[in-house]
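Visitor: Could you walk me through a few side-chain features and how to read them?
Guide: Happy to; let's get the model up first.

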Amino acid sequence: CEVARLAVGQAAGFRITLLEAAEMVRRIATGGIDMQGSATNLAIIRRAMRLAVTSGTCKNVAVQGMDIAGKTGTPEAEGHTSERSAWFVGFAPFSKPEVVVVVFVNRGHGYDTAAPIAQRIFAAYFTKGGKP
């Protein structure tokens, strides 16, 4: 049960910095370079992150014409279920990753607070002055 809670970021005492989250996703995005784990498991994680954007909790980060993969979260302050923060971590493009984005906002939910901010960051990055 604790492994399942850890997998979704809800394990008691689980802590990660934004830089650590970005580095972890960079490793996932680049095919597991410098990472332990099977290619099969890595492919499952990458596909799940892509599906989260196309049909899951990260739909608010989708940008037309961009293949983005990501994960949202709404962690609780330890012992304070009413104090939730919002985060998103993801990468794009899915097939040939170029950028990792991490957004953390105090008070909110990942899907409706952090994901729209990440969407604007991805759009700005890939637009580069109006050019795709």
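**Rings, a buried arginine and a cis bond**

Guide: Tyrosine 125 is partly exposed, as its relative accessible area is 31%; buried means under 20%, exposed over 50%, and partly exposed in between (1.4 Å probe, protein chains only). Keep in mind that this is a predicted model: local features need pLDDT of at least 70, side-chain atom pairs count only at pLDDT 80 or more, and totals for chains, interfaces and linings use all residues. Residues are numbered from 1 along each chain as its sequence is written, and side-chain values use heavy atoms, with hydrogens and water left out.

Visitor: How many aromatic pairs does the structure hold?
Guide: Rings of Phe, Tyr and Trp (its six-membered ring) pair if their centres lie within 6.5 Å; planes under 30 degrees apart count as stacked, over 60 as edge-to-face and the rest as tilted. Here there are 3 such pairs. One of them is edge-to-face, because the rings of phenylalanine 88 and phenylalanine 122 have planes at 85° and centres 6.3 Å apart.

Visitor: Which parts does that pair tie together?
Guide: Helices (H or I, at least four residues) and strands (E, at least two) are DSSP runs, numbered from the N terminus. Phenylalanine 88 lies in strand β3 (residues 80–92) and phenylalanine 122 in helix α4 (residues 110–127), so the pair links parts 34 residues apart in sequence. Phenylalanine 88 is buried at 0% relative accessibility, and phenylalanine 122 is buried at 0% too.

Visitor: And what does tyrosine 125 pair with?
Guide: Its partner is phenylalanine 126: the ring centres are 4.9 Å apart and the planes at 85°, so this pair is edge-to-face. Phenylalanine 126 counts as buried, at 15%.

Visitor: Is arginine 50 buried or exposed?
Guide: Buried, because its relative accessibility is 13%. Arginine 50 is found in helix α3 (residues 39–55).

Visitor: What does the side chain of arginine 50 make a polar contact with?
Guide: A polar contact is a pair of N or O atoms within 3.5 Å; within protein, one must be able to donate a hydrogen and the other to accept it, and residues adjacent in sequence count only if both atoms are side-chain atoms. The arginine 50 side chain has one with the side chain of aspartate 67, at 3.1 Å, and also reaches the backbone oxygen of isoleucine 68 at 2.7 Å.

Visitor: Where is the cis peptide bond?
Guide: Between alanine 92 and proline 93, with omega about -15°. Proline 93 lies in the loop between β3 and β4 (99–106).
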